[in-house]
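Please find below a short briefing on selected local features of a protein model. It covers backbone geometry, aromatic contacts and surface patches.

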Amino acid sequence: MAEPQIGKTFAVKSRLKPKSKKPSSTSESKYWRSFKTQQISNLIYPITSIEFSPLSPNDFAATFSASVTLYSSQTFEPKSTISSFNDIAYSATFRSDGKLLAAGGESGLVQVFDLKTRSPLRRLNGHYRPVRVVRYPKFDNLHLFSGGDDSLVKYWDVASETELLNFQGHKDYVRSGSVSPVSSDLIATGSYDHTVKLWDSRVSSMNFVLNINHGKPVEDVVFMPSGGLIATAGGNSVKIWDVIGGGKLVYAMESHNKTVTSMCVGKVSKDGIDDQFRLLSVSLDGYMKVFDYSALKVTHSMRYPAPLLSVGVSPDSSVRVIGTSNGVIFAGKRKKKDVDGGGNLGELVGFGSVEEPQKRVLRPTNFRYFHRSQNEKPSEGDYLIKRQAKVKLTEHDKLLRKFRHKEALVSALNGKNPQNVVAVMEELVARKKLLKCVSNLDGEELGLLLYFLHKYSTMPRYSGFLVGLTKKVLQLRAEDIRVSDALKGHVKNLKRSVEEELRIQHSLQEIQGIISPLMRIAGRR
């Protein structure tokens, strides 16, 4: 975009901070930037999880507040909402056939829903703290795993609502989990006790078969597609572990500045090959990082204008969805180029390629050079910098700037805005000019002041300041008040309002004296 003129409204593109020197020149960055992003706003609550359906067209479920909402992966419009939760919903997960969806809740209840009727089919009671992890095995439609803040991991028979196994080994909240892509009996769970444990439902001892120490509270754990590697996220680091090798650390990535909150695995099409997997991670620093764990390097980085809590990529890697802490979903769909069947159609029919005409470069000698970008419209994601509106000062502010203190006080009193009047009085106190202004007021202006004190001196918001001022005014202008019937009338009204306020306060104290012993007796019971 061309440079904008000073004082005009213009759009500034957000600058990313990837590690590579020229990320835009690589095919990897071009691939991830080809996702056209669309915002789903006004959800208010944080997006705690994103999960894609295994069935085409791979719609995705987002959990936020006390509901799970199913969105179309083609239009990003909501298709249905499950609101059978009495509290916050967590960790929606699809069964392998895409017909059922399970989710946990703040109360410790795990519910299984039919996606067609949106009615709860099963209620699994076993946790006594919030359930943050619910996972269906990949090849098993009869069981599921769950983990909660009670540090327990449970294995359920869904049909009979029966708890088959209760894995005990974590010492703190269980906040993440991932089922092995090659075995329905293995699940890895991450906890705030800094460990990731691998459980096997075939082991009757119910002890973990592998223990990994991440070193920080674990926010997420993901199995790699091969099943032999596990990625863990905690603190500002993402670590890759070799499960087959006994939990050996393969690599540690610390490219985020804040806590990494979620991860997922996606595919990238590169050089005609579609099976190159990447690990995507999001963090509270607002960055999404793409990690090539085969080459052990970050290949792309993108920043969003909010802390990120969840991320998901569709099974065909055509849709990428990111959830934020401020209730906004950034859903991106990959742009597909037109394919002509494998060859250049223009060359086949005898037409050669035509080069695009080069744009003329504007130079400072051209008049348009100084007016470029004036009609540029901001695109989605741009930061708008607008010209600051001119501040309009009120009359009493203008008088204060000119040190005309008495006129400023009279102007505020005529405005009949108590907040402005008290503000002017406090400013005059700071300048040590309030009493001098009061002594210089004429009869009519003094009447305005006494009327104001009568009306607002008993209001709790202003009484602390105005009661003391009232005493000073009556002392300074006692002689003027004695000779004026109008001023005497204001003083009588002021006295009447003060006496009424005192009666009210005495009545309230009597009521408090009656209620306090009763409250103490009730508290003892």
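Is Asn42 buried or exposed? Asn42 is exposed, with a relative accessible area of 74%, where buried means under 20% relative accessible area, exposed over 50% and partly exposed in between (1.4 Å probe, protein chains only). The model is predicted, so that local features need pLDDT of at least 70 and side-chain atom pairs count only at pLDDT 80 or more, while totals for chains, interfaces and linings use all residues. Residues are numbered from 1 along each chain as its sequence is written, and side-chain values use heavy atoms, with hydrogens and water left out.

**Backbone geometry**

- Asn42 is placed in the loop between β2 (35-40) and β3; strands are DSSP runs of E with at least two residues, helices are runs of H or I with at least four, and both are numbered from the N terminus.
- The phi angle of Asn42 is near 65°, a positive value in a residue other than glycine.
- Phe76, in the loop between β5 and β6 (78-82), has a positive phi near 60° and counts as buried at 5% relative accessibility.
- Ser56 and Pro57 are joined by a cis peptide bond with omega of about 10°, and Pro57 lies in the loop between β3 (49-52) and β4.

**Aromatic contacts**

- There are 15 aromatic pairs, counted where ring centres of Phe, Tyr or Trp (its six-membered ring) lie within 6.5 Å; planes under 30 degrees apart are stacked, over 60 edge-to-face and the rest tilted.
- Phe52 and Phe60 form a tilted pair, at 5.5 Å centre to centre and 50° between the planes, and both residues are buried.
- Phe60 and Tyr71 are stacked, because their ring centres are 5.3 Å apart and their planes are at 15°.
- Phe60 belongs to strand β4 (residues 60-64) and Tyr71 to strand β5 (residues 67-71), so this pair ties together parts eleven residues apart in sequence.
- One aromatic cluster is formed by Phe52, Phe60, Tyr71 and Phe76.

**Surface patches**

- A patch of positive charge on the surface brings together Lys390, Lys398, Lys402 and Arg404; patch residues have over 30% relative accessible area and no salt bridge, with like charges joined within 9 Å and nonpolar side chains (Val, Leu, Ile, Met, Phe, Trp, Tyr) within 5 Å.
- A salt bridge is a side-chain nitrogen of Lys or Arg within 4 Å of a carboxyl oxygen of Asp or Glu.
- Lys390, in the loop between β30 (383-385) and α3 (395-401), counts as exposed at 78% relative accessibility.
- A nonpolar surface patch, with about 770 Å² of accessible area together, includes Ile504, Leu508 and Ile514.
- Ile514 lies in helix α10 (residues 485-524) and is exposed at 58% relative accessibility.

Terms used:
Accessible areas come from the Shrake-Rupley method with a 1.4 Å probe; for residues, only the protein chains shown count as cover. Lys and Arg count as positive and Asp and Glu as negative; His and the chain ends are not counted. The place of a charge is taken as NZ of Lys, CZ of Arg, CG of Asp or CD of Glu.
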